[in-house]
Amino acid sequence: MNLTELTIADAAAGLRRREYSAVELVRAHTDAIAALNPRLNAYITTTADAALEAAGRADAALARDEARALTGIPLGIKDLFCTNGVRTTAASNILKNFVPPYESTVTANLLRDGAVFVGKTNLDEFAMGSANITSAFGPVENPWKRKGDEQTVLVPGGSSGGSAAAVSAGLAMGATGTDTGGSIRQPAAYCGIVGLKPTYGRCSRYGTIAYASSLDQAGPMARTVGDCAIMLQSMAGFDPRDSTSVDRDVPDYSAAVGRSLKGLKVGIPREYRAEGLSTEIEAAWQQGIAWLKEAGCEIVDVSLPHTRYGLATYYIVAPAECSSNLARYDGLRFGERVPAPTLDGMYEASRRAGFGAEVRRRIMMGTYVLSAGYYDAYYLKAQKVRTLIRRDFTESFQQVDVLLTPTAPTPAFGQGEKMDDPVQMYLNDIFTVPASMAGMPAMSVPVGLGDTGLPLGLQLIGRPFDEETLLAAGSALEKAAAFTHRPAIRAEVAK
Amino acid sequence: MSYTIEGRTGTWEIVVGLEVHAQVISHSKLFSGASASYGGEPNTHVSLVDAGFPGMLPVLNRECVAQAIRTGLGLRARINLESRFDRKNYFYADLPTGYQISQFTHPIVGEGTVEIELSDGTVRHIGITRLHLEQDAGKSIHDQDPTRSLIDLNRAGVALMEIVSEPDIRTPEEAGAYLRKLRQILRYLGTCDGNMEEGSMRADVNVSVRKAGEAFRTRCEIKNVNSIRYVMHAIETEAARQVEVWEDGGTVDQETRLFDPARNETRSLRSKEDAHDYRYFPDPDLLPLVVEQDWVDELEKALPELPDDKRARFQKEYGIPRYDAGVLVAEQAIADYYETVARGRDARLAANWVTGDLFAALNRTGRTIQDSPISAQALGGMLDLVSDGTINGKIAKEVFEDMLETGDSAADIVERKGLKQVTDTGAIDAAVADVLARNADKVEEYRGGKDRLFGFFVGQVMKAMAGKANPAIVNEALKKVL
Amino acid sequence: MSLDPATVRRIARLARIGIDESDLQSLQGELNGILGWVEQLNEVNVDGVAPMVGTGHAALRIRDDVVTDGDCREAVLSNAPDVVGPFYTVPKVVE
């Protein structure tokens, strides 16, 4: 049996049946990381020793029959979640030596439920990017290869590219991601895994390094819909330390997996067609529609007229928030300092050296759109358009229960492609951004391979706090697609 | 009382608006659970939220909201049931997150008014534009290291109320009266201790000048003035400077200035090229603050009686003049003291004693009403002895001084010193007879029409009886005999 | 709207990001590219539309006024690049 190919659900059952120990399970993953991470660069920091110790404790708990939902399960943690005593970098030079004296709520929840953290996964610097090429710790390689092309290094998507690559290649059974404009769903699609962005307010943002506070949302990334349900169960919940966290009960997500879809109304937003969609993506989408119909869903054409403005709106709102959120990285209380004779000199030198080009660009952009004389034209206007985008969703959810769209306009592309023009790179997020702007939950599910043998994902968007319907519809797609393809580079092969 | 500046080109009047930063009385900070108390070892009243650590988030303190609402009610201002928190973005060493959370577009309190009274008795109403909640910054210490400034974040994140007045103030005296009145209201409400020396109340002063009938001219803001006296000086100095600039054919630039009390001058704080652009926007970590009218009503019901109301009541209930009532309500503790003394007694007499002998004694001994050596009950006890005729007013002064010194009760002192008033007409008659016998010449004069000698006889009789005679009986006896 | 080099410099100054002349030109081009692209929002009629504030699923949480935090100077200073005694430091600020 290859322990790196198991699902979380199966592994949890296997641990309880003592088919293998948590130490064996975790060691299989830390070994795989040791073997493959030098190439994939999916982890910035690995914590094998601590993980094995934690696995030992997990085995003790299992022996006492005190196992919880994730006891002994090796997970990767996006290096945007602060982890107590473990370096947390946001993939930025400015935090390259930052060791938080606190634990984020999401990771604390996972630890409470017995999870074992094998390392901190790579990402675009401060989660700003769609290809995991802006990390100060180097790019992440997508473990997938184009058919017949072993040479081209593909991007894993971003910003949670390290998490997606790690889960895809078997370097973790699941991983946490954060999604601001598509940073869970798009890399999940590029790496052939499942990624779920919950409703804004479902998972606490406490202790997660902020990019754009009104959009940031943590979520699970795993190889199956069921595993995402298990992880979300642990990650979600009210947190009094996050003023935007919503005080609602967390339903039994696993119960929604496999639930009947009879009579479910699925909306197909016509505006998603027009955006230069490749034929392979269009085909996958049609296939998804057909599968849901077979599962008993009613397909309804809907219109979300303002979604096409989602991306432009995003690239005003997110930089504006980030320009303010990242002001705290000033070389004073934490992070890297470049000495200078004056205070302003220290700020300017530290931030010039500490931030990469894309982060600097977004801070500049955000500073500009908030500055005197431009606030109304850019930021205020964008927030109004955002109201219209949300209204589109709210209105369509009066007709339908869930929306089905492609996750990304193309499959994974090569490192170095689309890099000349920031706007071209931004267009990768065109389908994921609207749900983020509206705070709606959304999930990407792999449904097949495209013409070049790369995984394709479809996106489900649900009503606020109706992650259950996403999981139900997602599991139907997963079952119909029977997606069992594995990437070229993976732990099993590396052995 | 008008205040004008006579310039070469005519008469100028001044226009002043004040922005007061009042530190909210609360246990913990506005957005974190760290202590808001003053002092403490450096960087101990600091949470990771206050230090702006990555991923740390603000959570609003209910009591700070309540204090702002109470203050708004005390300023007879509109309470905005929906308000918002914005970020004011700027870099400074003592501002950990790189932004101050404040309320820019939607403050919690809207328009209100403060009634002030000037020394000539004129009453004016100064408009309140708004009151909003915001965070205080930390402290930079410049004199402990040759090359570095040191940063202490104990104050960072403590709640402040910024109270903005309309540009209704026209004289330095009005500015002083406004600040004193505001401080009085805050102290009554218990929302700010109003201690300007410790910095828990500071004022930014907006000053401009104009000729009568003109629209407003450009104003300058004098930052962080920390005493009422300095505020008044700063206004005079800055107004004079502006008149000179205008009259020399120049223009006043809108800028921030500092007041230097030692040199009695204001000077520009920042150059224009480094003008701030605060890039305000709604804080995405915080949702709009919605308060229920029921809560506002509840807070209103529990408000203490405010100084204006209390003064009106004192005038009416105790029959004392407006001025005395104003003095007695200056501080809640004085008003409470007075009421304890006055209740069930001669309220005017009580007012005279409190504002007269008691205040003088406190002044002399450098004490406040809170640590007065004579409690309200004790002073009341003494007044009881006066009203029931046990002692007369003159003896009362002696008893009061003794109380001040020994802390004994009036009754004990009267007993100890045998100061009980003599009402025995026999003894008084004897003393009268004796005095008249020894001053036969004066008696003649009196009877010859020199009426004012009556006082002399009273004095002589009182003296003969060591001051303890009942003055009414002495008068009576003298009249009878003369 | 298009940014000139002086505006780019001013923004960099506001954001306290040091830039040199070589950065300036590429930044100007990139920022103008993005700004040109977001101009598409001009097509949208937002008359009478309120800006989005929060997601409408929750009211602002308010906590009780209790001291629950602080007294953690070691943690507060744990990552500071330079410390003097119990203080953070910055280059001397002359007021």
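Two residues are in contact if their C-beta atoms, placed from the backbone, lie within 7 Å. The legends below use contact in this sense, and the model shown is predicted.

View 1. Is A:Ser183 buried or exposed? A:Ser183 has 37 C-beta neighbours inside 10 Å, so it counts as buried.

**View 2. A:Lys78 in its strand.** A:Lys78 belongs to strand β2 of chain A, which covers residues 74–78. With 33 C-beta neighbours inside 10 Å, A:Lys78 counts as buried. Which residues does A:Lys78 contact, leaving aside its neighbours within four places in sequence? They are A:Thr121, A:Leu123, A:Ser160, A:Gly162, A:Ser163, A:Ala175, A:Thr176, A:Gly177 and A:Thr178.

**View 3. Chain A as a whole.** Chain A holds 17 helices and eleven strands. Its radius of gyration is 21 Å, close to the 23 Å that the globule rule gives for 495 residues, so chain A is as compact as a globular protein of that length. Along the principal axes, the C-alpha atoms of chain A fill a box of roughly 65 × 50 × 50 Å. Of the 495 residues, 66% count as buried. Take the contacts in chain A between residues at least 6 apart in sequence: 78% of them join residues at least 24 apart.

**View 4. Chain C against chain A.** Here 38 residues of chain C meet 56 residues of chain A. Three elements of chain C give two or more residues to its side of the contact: α1 (5–14), α2 (21–38) and β3 (87–91). Which element gives the most? It is α2(C), with seven residues. By class, the side of chain C that touches chain A has 26 nonpolar, seven polar and five charged residues.

**View 5. A:Met364 and the nonpolar cores.** Not counting residues up to four places away in sequence, A:Met364 touches C:Ile11, C:Ala12, C:Ala15, C:Ile17, C:Leu27 and C:Leu31. A:Met364 is also one of the residues that touch the most other members of the largest nonpolar core, which has 266 residues. Another core, of 34 residues, lies apart from it; B:Phe314, B:Ile320, B:Val327 and B:Met403 are among its members.

**View 6. Chain B against chain A.** In this contact, 25 residues of chain B meet 32 residues of chain A. The chain B side divides into 16 nonpolar, five polar and four charged residues.

**View 7. The domains of chain B.** Chain B is divided into domain 1 (4–297), domain 2 (305–417) and domain 3 (425–481). Taken over C-alpha atoms, the centres of domain 2 and domain 3 of chain B are 32 Å apart. Their contact takes four residues from domain 2 and four residues from domain 3. On the domain 2 side, one residue is nonpolar, two are polar and one is charged.

Technical notes. Residues numbered from 1 in each chain as written. Chains lettered and ligands numbered in written order. Predicted model: local features only at pLDDT ≥ 70, side-chain atom pairs only at ≥ 80, totals over all residues. Helix = DSSP H or I, 4+ residues; strand = E, 2+ residues; numbered from the N terminus. Buried ≥ 20, exposed ≤ 12 C-beta atoms within 10 Å, placed from the backbone. Nonpolar A, V, L, I, M, F, W, Y, C, P; charged D, E, K, R; others polar. Core = buried A, V, L, I, M, F, W, Y, C linked by C-beta atoms within 7 Å. Rg over C-alpha atoms; globule rule 2.2 N^0.38 Å. Domains from an automatic or database assignment.
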